[in-house]
Amino acid sequence: MDSGSDEKAEDRSHVRLLAQVIRSIRKHRRLKSSEVAKAMGIPLRTYEHFERGTGRITFARIRRFAQATDSDPIAIVSALPLGSAEFALNSVDNKLMTIATAALSELHEELGADIAFLGTSILVSAFDKLCKDLIDQVRRRDQFAERWIEEKTAKLHGATFRRSGQEPV
């Protein structure tokens, strides 16, 4: 197999992945193809080709799709290097990749050419710390929610027993 056919196979694989992401997001949003097509300002047939990956998939069109579905266009595109449609779907509501890109844009505005002085070890350390902090935040939130539910449930059950004159079990 020559490099030209390797690239074509990779392109087809990327198009299939983007199509999977687009379809997943639309279904996650419980939208009909016709609703998304209308919101994007394109004919239904054009949208159907776009969603199947048989039509042109450009960043401008992905951005319009993201706007129509209130999702993150950069997360959609990031599914390619990550090889994960799930990543884009999991980031659809919190706009993770748009936020990360905006933060990196601010870093670039602040440092300009000096951004080159950020060594690999500094970047790995900073991103590692950031990711660990985010993981901690999610886990603490989950623990808080679990404790809150336990406390409120116990309180409710206690109130139910006291009102009925029974002793808590």
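Predicted model: local features only at pLDDT ≥ 70, side-chain atom pairs only at ≥ 80, totals over all residues.
Which residue's side chain meets that of D93 in a salt bridge? The partner is R29, and the two side chains come together at 2.7 Å, N to O. The structure holds 6 salt bridges, among them the bridge between D93 and R29, the bridge between E51 and R26 and the bridge between K95 and D70.

**Salt bridges**

- Side chains of opposite charge can pair when their charged atoms come close.
- D93 sits in the loop between α6 (85-90) and α7 (96-111), while R29 sits in the loop between α1 and α2 (33-40), so their pairing ties together parts of the chain that are 64 residues apart in sequence.
- D93 is exposed, because its relative accessible area is 51% and exposed means over 50%, whereas R29 is partly exposed, with a relative accessible area of 23%.
- E51 and R26 join their side chains in a salt bridge of 2.6 Å, N to O, and this pair links distant parts of the chain, with E51 in helix α3 (residues 44-52) and R26 in helix α1 (residues 3-28), 25 residues apart.
- Both E51 and R26 are buried.
- K95 and D70 form a salt bridge through their side chains at 3.2 Å, N to O; K95 belongs to the loop between α6 and α7 and D70 to the loop between α4 (59-69) and α5 (73-82), so the pair ties together parts that are 25 residues apart in sequence.
- D70 is partly exposed, and its relative accessible area is 48%.

- F65 has its place in helix α4, and with a relative accessibility of 0% F65 counts as buried.
- Leaving aside residues up to four places away in sequence, F65 touches I22, I25, R26, V36, M40, Y47, F50, S71 and I76.
- Between F65 and D93 there are 28 residues of separation in sequence and 14 Å in space, taken from C-alpha to C-alpha.
- S33 is found in helix α2 and counts as buried, because its relative accessibility is 17% and buried means under 20%.
- With residues up to four places away in sequence again left out, S33 touches R26, L44, Y47 and E51, so that its contacts include both R26 and E51, the two residues whose side chains meet in a salt bridge.

**Crossing helices**

- Two packed helices are described by the angle between their axes and the distance between the axes.
- The axes of α5 and α7 come within 6 Å of each other and cross at roughly 95°, and these two helices are therefore roughly perpendicular to each other.
- On the α5 side the contact is made by P73, I74, A75 and S78, and on the α7 side by M97, T98 and T101.

**A nonpolar patch on the surface**

- L104, L107, I115, L123, F127, L130 and L134 form a nonpolar patch on the surface, and together these residues have about 550 Å² of accessible area.
- The elements that give two or more residues to this patch are α7 and α8 (120-164), and α8 gives the most, with 4 residues.
- L123, one of the patch residues, is found in helix α8 and counts as partly exposed at 33% relative accessibility.

How values were computed. Residues numbered from 1 in each chain as written. Heavy atoms only, no water. Salt bridge = Lys/Arg side-chain N within 4 Å of Asp/Glu carboxyl O. Buried < 20%, exposed > 50% of the residue type's maximum accessible area, 1.4 Å probe, protein only. Contact = heavy atoms within 4.5 Å. Patch = residues over 30% accessible without salt bridge, like charges linked within 9 Å, V, L, I, M, F, W, Y side chains within 5 Å. Areas by Shrake-Rupley, 256 points an atom, 1.4 Å probe, with all protein chains shown as cover. Axes fitted to C-alpha atoms, helices over the stretch in contact; angles between N-to-C directions. Parallel < 35°, antiparallel > 145°, perpendicular 65-115°, else oblique.
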